[in-house]
Amino acid sequence: MTDEADRSDEKIAAAIEDGISRIRRAVAHPYTGECYFCGEELSDPMRFCDTFCRDDWDAMQRAKRRSGE
Ligand SMILES: [Zn+2]
């Protein structure tokens, strides 16, 4: 019984954590109408034209953070 309650608490905490990080990302990287990585125009409120650009950009940001700090 306690185990189950703990598990659902964890699930809720994870959902909140997920929501917070999504909001943080949206604030830090607002929609510009262009792909953040290659600069291609986007009609949808997205930041990247595809997952490759997103992954490459993510990797670039991680590398920047590693070298910048
Ligand atoms: Zn792109």
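This report walks through the overall shape of a predicted model and then a few of its residues.

## Overall shape

Start with the fold, which is quickly told: the protein chain has 2 helices and 0 strands. Its radius of gyration is 17 Å, well over the 11 Å that the globule rule gives for 69 residues, so the chain is more spread out than a compact globule.

Laid along the principal axes, the C-alpha atoms take up a box of roughly 50 × 35 × 20 Å.

## Helix H1 and glycine 19

Helix H1 covers residues 2-28, and glycine 19 sits in it. Is this glycine buried or exposed? Glycine 19 has 10 other C-beta atoms within 10 Å. The cut-off for exposed is 12 or fewer, so glycine 19 counts as exposed.

For a sense of distance here, take aspartate 9: it is 10 residues from glycine 19 in sequence, and their C-alpha atoms are 15 Å apart in space.

## The loop and tyrosine 31

Between H1 and H2 runs a loop, and that's where you'll find tyrosine 31.

What does tyrosine 31 touch, leaving aside residues up to four places away in sequence? Its contacts are Pro45 and Arg47. Cysteine 53 is another handy reference point: 22 residues separate it from tyrosine 31 along the chain, and the C-alpha atoms of the two are 15 Å apart.

Helix H2 takes in residues 51-68, which makes 18 residues. From first C-alpha to last, H2 reaches 25 Å, close to the 26 Å expected at 1.5 Å a residue. How many of the 18 residues of H2 are buried? The number is 0, so the helix lies largely in the open.

Aspartate 56 belongs to H2. It has 15 C-beta neighbours inside 10 Å and counts as partly exposed, because that class falls between the exposed limit of 12 or fewer and the buried one of 20 or more. Glutamate 34 lies 22 residues from aspartate 56 in sequence, with 15 Å between their C-alpha atoms.

How values were computed:
Residues are numbered from 1 along each chain as its sequence is written. This is a predicted model: local features need pLDDT of at least 70, side-chain atom pairs count only at pLDDT 80 or more; totals for chains, interfaces and linings use all residues. Helices (H or I, at least four residues) and strands (E, at least two) are DSSP runs, numbered from the N terminus. The expected span of a helix is 1.5 Å times one less than its number of residues. The radius of gyration is taken over C-alpha atoms; the globule rule is 2.2 Å times the number of residues to the power 0.38. Two residues are in contact if their C-beta atoms, placed from the backbone, lie within 7 Å.
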